[in-house]
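Me: I am new to this structure and would like to learn how to read it. Could we go through it together, one feature at a time?

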Amino acid sequence: SDTNLNKIGFEQAKMASVIIKKIKIDALYASDLKRAFQTAQIISQEIKITVTPEPLLRERTFGDLEGYTSKEATKIHSNFSWDSGFTDSGSKLLGIESNTQMKKRIIKLLNKLASIHKNQNILLVTHGGIIWNFIEYFNLIDSIVDFDKFFANAGVTILKKTKGGYT
């Protein structure tokens, strides 16, 4: 669901902006959902770059489960499993965006941005599901040392584009 950034989120965004300020950023894109976009606005003030809203950076579309907590969703839709619900076959049941669909969306965005921003540093402010699918698609899971820190709210992850993908 599309909720505002809370006080803790605001503080986390400010801390992230301190780290990001040390990096040369040429362009800033953010999910157009409130929490990510508000986070990007806080960072934008620090690095003096305008935020461009990007719908392709949105979190997964949850279809019939949109707005429910995981506990509520499982209770209401007993045929849904959080373990298999994001597979191609599992997601079709309730109109949930599958991992495959998310990965296609990520690649579409990366190709678009690569053509616009050749040899530039781009900051993307997005959601955990997008980040996880990106990491999985480019087979970067082994490079993650601390999953709790990596997937923390307002965590900063730096990826470098190479000829074969990302590191």
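Reply: Gladly! Let us begin with burial: a residue is buried under 20% relative accessible area, exposed over 50% and partly exposed in between, using a 1.4 Å probe and protein chains only. In helix α6, residues 128–137, the buried residues are Gly 129, Ile 130, Asn 133, Phe 134 and Ile 135. This is a predicted model, in which local features need pLDDT of at least 70, side-chain atom pairs count only at pLDDT 80 or more, and totals for chains, interfaces and linings use all residues. Residues are numbered from 1 along each chain as its sequence is written, and side-chain values use heavy atoms, with hydrogens and water left out.

Me: What share of the residues in the protein is buried?

Reply: Of its 167 residues, 37% are buried.

Me: How many helices and strands does the protein have?

Reply: Helices (H or I, at least four residues) and strands (E, at least two) are DSSP runs, numbered from the N terminus. Here there are seven helices and five strands. Their order from the N terminus is α-β-α-β-α-α-α-β-α-α-β-β.

Me: At what angle do α5 and α6 pack?

Reply: Axes are lines fitted to C-alpha atoms, for helices over the stretch in contact, and angles run from 0 to 180 degrees between N-to-C directions. Helix α5 (residues 99–116) packs against α6 at about 85°, and their axes are 9 Å apart. Angles under 35 degrees count as roughly parallel, over 145 as roughly antiparallel, 65 to 115 as roughly perpendicular and the rest as oblique. The angle therefore makes α5 roughly perpendicular to α6.

Me: Which residues of α5 and α6 meet?

Reply: Contact means heavy atoms within 4.5 Å. On the α5 side, they include Met 102, Ile 106 and Leu 110, while α6 brings residues including Ile 130, Phe 134 and Tyr 137. For residue classes, Ala, Val, Leu, Ile, Met, Phe, Trp, Tyr, Cys and Pro are nonpolar, Asp, Glu, Lys and Arg are charged, and the others, Gly among them, are polar. This contact of α5 with α6 has seven nonpolar, three polar and three charged residues.

Me: How do the axes of α1 and α2 cross?

Reply: Helix α1 (residues 7–20) and helix α2 (residues 34–47) have axes that come within 9 Å and cross at roughly 40°. That angle makes α1 oblique to α2. Among the residues making the contact are Phe 10 and Ala 13 of α1, along with Ile 42 and Ile 43 of α2. Six nonpolar, two polar and two charged residues form the contact of α1 with α2.
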